[in-house]
Amino acid sequence: MTTLDREQQVLDRIDRARRRRPKVREERITMSHGAGGKATHTLIEAVFLDAFRNPLLAPLEDSACLSVDGARLALTTDSYVVSPLFFPGGTIGDLAVNGTVNDLSVAGATPLYLTAGFILEEGFPVADLLRVVASMRDAAAAASVQIVTGDTKVVQKGKADGCYINTAGVGVLSDAVSLGVAHAQPGDAIIVSGPIGDHGVTIMLARGELDIEADVVSDTAALNGLVSGLLSAVPSTRALRDATRGGVATILNEIATAAGVGVLVSESDIPVRPEVRGASELLGIDPMYVACEGRLVAVVPADCASLALTALRSHRLGAESAVIGHVTADQPGLVQLRTAFGGTRIVDLLIGDPLPRIC
Amino acid sequence: MCLGIPGEVIEIVADQPDLAKVDVSGVKRLINIGLLADDRPAPGEWVLIHVGFALSKIDEDEAAAAMAFLEGIGQAYEDEIAALRESLIE
Amino acid sequence: MRFVDEFRDAEKARALAAKIAGLCEPGRQYKLMEVCGGHTHTIYKHGIEDYLPESISLVHGPGCPVCVIPMGRVDDAMHLAADPDVIMTSFGDMMRVPGSTGSFFDAKARGTDIRMVYSPLDSLKIARQNPDKKIVFMAIGFETTAPSTAMTVLRAQAQGLTNFSVFCNHVTIIPAIKAILDSPDLRLDGFLGPGHVSTVIGCRPYEFIARNYCKPVVVAGFEPLDILQSIYLLMLQLAQGRAEVENQYGRVVPWDGNLVALRAIGQTMELRPYFEWRGLGFISHSALKMRSSFERFDAERLFSVPGVRVADPKACQCGEVLKGVLKPWECKVFGTACTPETPIGTCMVSPEGACAAYYNYGRMNRQRVPVTIERSRP
């Protein structure tokens, strides 16, 4: 047996080990469980999916698709624990509205109604609450959704870091569309709607711990307009995701795992702002794993790629859309990146937690 | 850990000569230039940054020489490939 | 990005790869070792092995300063951090290194005050903001990082800080390289010298490798073209029967090193008589501790640490991987019991460890980049 054969045997063994049922080994929750990477996925599968198991939950998409008396609805929920609450480009309120709207949009639904539950820390300035709420009002108006019910709780000083927001959102699913990462097929093009990593880097810098100044703002935005433009032009779109915690790399891995396909992307095709790149190089982090809050990842059939790009680029929020790679039949379950240098490497799910609490 | 990144010195902090503001691709940070006390960097010069300190100046002549070597190899390679291609046309 | 992008050019890479292939003697296998975690990381992150012929294999040596810290020292650090008056500060790379009772990350989850910092200087800010607490900085790294710790201590002294100290685990590269060279397990053909360590110690310290062991050394930069060019220079030396120290990273590395940095280290630190390296055992004069004149800044003197020697888990083969004897995938527990989320050994924990780098980036069928056009009739 040659060395290459022996190496392949080991790689196969590892692949089998990776497909084993996930288990949470830690006794206590760590920040990794909230980072959007491997630990988060394991927690979701081993704890939540295991306990609540049902066919509607199983796809683990951003929204659940429900059928109620013939009406097709999408339902989603999210919590926002970002620190600081106010940052260049937006507030926790913007994230709450836009994030919920986006989870519904990427399911192919028209977002309609949101809930807003607030957990407020004793001592939190009312003036700050007014700012948060005003930004939510404006974001909701911009996204054409209404906040129709809510809740308020106050906890003792030290227990909530100012303000936490929980939301739920409901929207109407169009019959014409059936989106899901499991639909991805070899040959499909993978598109990103703009430069990646803006939000995560903005938050890191806004925390003020790193003494870095840069001209980066959060990309938080409601993507429902962008999505409907894309879906009208390309109804055969296979999947849509918004790249939040865990970044674009996480979504690529979700595609590869859910559809049992390989993914190959090209480093030089992935749009990244120079400042985001500079900050990432300085800190030794990879923009592929850094959160966005207003970026779409779309999987479309190869022959629809240019149509998709045209549709996206004609919208303000998609002006810098680009094809970053393709779905392949090669090495299913694995995401590969062709580096600018010409070599190839794997892009795995995030381990650990380089950017705690960014959304 | 060995992470060192090149950055351009923008300015030396007025009342703290050991501190300088550097620019890394549009991102600015204050770093300590105390390790370069024997050869203080001036605005416009480039330094290697490691865990908040400048470890070394980047010598532009050496960088240009390294590039020239690589260009040379690249050109020789291109010439060879071109020659190879031409010889395939029979 | 200047001084970065130019050194990531694929066209030039193909040219270098062709030259490297051309220098390989038919039938001969080459083993080139790099002793810098940053090199391991770059090699995998950019897929550099795709440009090398099969006859050249890159061996990853003990160049990851996190990877060589024995479990006992991690336990000592955890003991320090557990003190309710202590705020421990640490680089990100250390956060998930497992001791006998878990890692800093796990301790943080249990409520221990451990904070990640980008620079040791950040610890001074925390010390000023928390005068009632004792701030301990977990100092790790080779000679690249030791000067920064030294300067931080000097700055703390100048500022009259009384609540800051360092738990010093700095190690030095030359004794480790010598241990590798003296090891009967390995036959190496040449070394890629650690680029950033060399900005501090210069290139002279490697001369013994060329002189006494007749192996070529090329001090290499960290961009992909730096590494390929360094490999080319090594292969050229081998083809020409030379064994010399060359500096490929001249734009950053001064031949004589950084005297200010060496003075700062010398002023604040001294060599320990011996230190345990994970996998390599005890090596004499291979690590640094604070001088007695700086005892106010020495956590080992200010606090009592257990100092217990902890054996590696039986399944762990980090030692052999660190020496380059085993490739990551050849370790019995690689990828199954030992993964980045459930690491058994340090090679899998640090992003610069050979196992983590291979698992995260290199774990797949490799396709070599074509560097020549074959002659064929149309």
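Tutor: The discussion below takes the terms one by one and sets values against definitions.

Tutor: This is a predicted model, in which local features need pLDDT of at least 70 and side-chain atom pairs count only at pLDDT 80 or more, while totals for chains, interfaces and linings use all residues. Residues are numbered from 1 along each chain as its sequence is written, and chains are lettered from A and ligands numbered from 1 in the order in which they are written.

Student: What makes chain A as compact as a globular protein of its length?

Tutor: The radius of gyration, taken over C-alpha atoms, is compared with the globule rule, which is 2.2 Å times the number of residues to the power 0.38. For the 359 residues of chain A the rule gives 21 Å, and the radius of gyration is 20 Å, which is close to it, so chain A is as compact as a globular protein of that length. Its C-alpha trace spans about 70 × 45 × 45 Å along the principal axes.

Student: How many helices and strands does chain A have?

Tutor: Chain A has 9 helices and 15 strands. Helices (H or I, at least four residues) and strands (E, at least two) are DSSP runs, numbered from the N terminus.

Student: Why is Gly117(A) called partly exposed?

Tutor: A residue is buried if 20 or more other C-beta atoms, placed from the backbone, lie within 10 Å of its own, exposed if 12 or fewer, and partly exposed in between. Gly117(A) has 17 other C-beta atoms within 10 Å, and is therefore partly exposed. Gly117(A) lies in strand E5 of chain A. Of the 359 residues in chain A, 50% are buried; among them are Leu226(A) and Val227(A) in helix H6 (residues 224-233) of chain A.

Student: Which residues is Gly117(A) in contact with, leaving aside its neighbours within four places in sequence?

Tutor: Two residues are in contact if their C-beta atoms, placed from the backbone, lie within 7 Å. With those neighbours left aside, Gly117(A) is in contact with Gly150(A), Asp151(A), Ile165(A) and Asn166(A). In chain A, 83% of the contacts with a separation of 6 or more are between residues 24 or more positions apart.

Student: What makes E4 and E6 of chain C edge strands?

Tutor: Two strands pair if DSSP finds at least two bridges between them. In chain C, 4 strands form an open sheet with parallel pairing, in the order E4-E3-E5-E6. Strand E4 (114-116) and strand E6 (164-170) of chain C each pair on one side only, and these are the edge strands. The twist averages 25° from one strand to the next.

Student: How do you know that E3 and E5 of chain C pair?

Tutor: Strand E3 (residues 86-90) and strand E5 (residues 134-141) of chain C are joined by 4 bridges and run parallel, whereas the definition of pairing asks for at least two bridges. In one of these strands, E5(C), Phe137(C) is the bridge partner of Thr89(C).

Student: How many residues of chain C are in contact with chain B?

Tutor: There are 46 residues of chain C in contact with 34 residues of chain B. Helix H1(C) gives the most to this side of chain C, with 7 residues. By class, the side has 24 nonpolar, 12 polar and 10 charged residues. Here Ala, Val, Leu, Ile, Met, Phe, Trp, Tyr, Cys and Pro count as nonpolar, Asp, Glu, Lys and Arg as charged, and the others, Gly among them, as polar.

Technical notes:
Axes are lines fitted to C-alpha atoms, for helices over the stretch in contact, and angles run from 0 to 180 degrees between N-to-C directions.
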